[in-house]
Amino acid sequence: MTTTEHRTGNGDTLLTTDARPRYRSALEWVAGLVDRVRPAQLHDPTPCTEFDVEGLLRHIVATVDKIRVIGTGGSPFTMPFQVPSAPDYPAALAEARERMWAVWSDDALLDREMTVPWGTVPGRGALWGYVNEILVHGWDLAVATGQPSEADAGVAGEMLAVARRLIPDEGRGGDYPFAPAVQPEPGAGPTERLANWSGRRR
């Protein structure tokens, strides 16, 4: 167990906390990455084999839209996997974030049961799932575009502890949309180890 993992505690305990500050931190990190993507990089590959850089940008914006709709009591299954191509992805992400926080500023959402792609959970658990989503895809984007690939170490360490609870290593593949976990490289930071847990490698 690393120092960060020890300090941040276990995933079961963290799942009862308010993930909004963690999501805000993760989104701010990813917004900075999106701002620095160059047009010439849009068709470059990423560690997420489903997407090139532009496809990943379209998916990142879609995930923020999706957690907004989940917070309103809507179904995530009505939302697209990717938004349409946009001329300005930083602006598209900023708009999605603003609309999402207008919903999630309500403290009552944290204990409200919500439908998410993996079942029905309290809002706290729903939001933790999207902290994982944005951190892992942020790592994908950073690696693909040659940017620093570590988010805030405390947030990523907490998310790794939660991910080990939410995404067990057993039974992956098939209907369970995660590849087998990858052994981290020596010296890998907590964001990279989180990506490794989701089956990502550089």
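**Legends for views of a predicted protein chain**

**View 1. Charges of the chain.** In this predicted model, the mean positions of the 20 positive and 27 negative charges of the protein chain lie 1 Å apart, where Lys and Arg count as positive and Asp and Glu as negative, while His and the chain ends are not counted. The place of a charge is taken as NZ of Lys, CZ of Arg, CG of Asp or CD of Glu. Residues are numbered from 1 along each chain as its sequence is written, and side-chain values use heavy atoms, with hydrogens and water left out. Local features need pLDDT of at least 70, and side-chain atom pairs count only at pLDDT 80 or more, whereas totals for chains, interfaces and linings use all residues.

**View 2. Order of the elements.** The protein chain has 8 helices and 2 strands (DSSP runs of H or I with at least four residues, and of E with at least two, numbered from the N terminus). Starting at the N terminus, the elements follow the order α-α-α-α-α-β-β-α-α-α. The radius of gyration, taken over C-alpha atoms, is 16 Å, close to the 17 Å that the globule rule gives for 202 residues, so the protein chain is as compact as a globular protein of that length; the rule is 2.2 Å times the number of residues to the power 0.38.

**View 3. The annotated span.** UniProt, in an unreviewed entry, places the feature "domain: Mycothiol-dependent maleylpyruvate isomerase metal-binding" at residues 26-142, and such annotations may be inferred rather than shown by experiment. This span is 56% helix and 7% strand, and its end C-alpha atoms are 13 Å apart.
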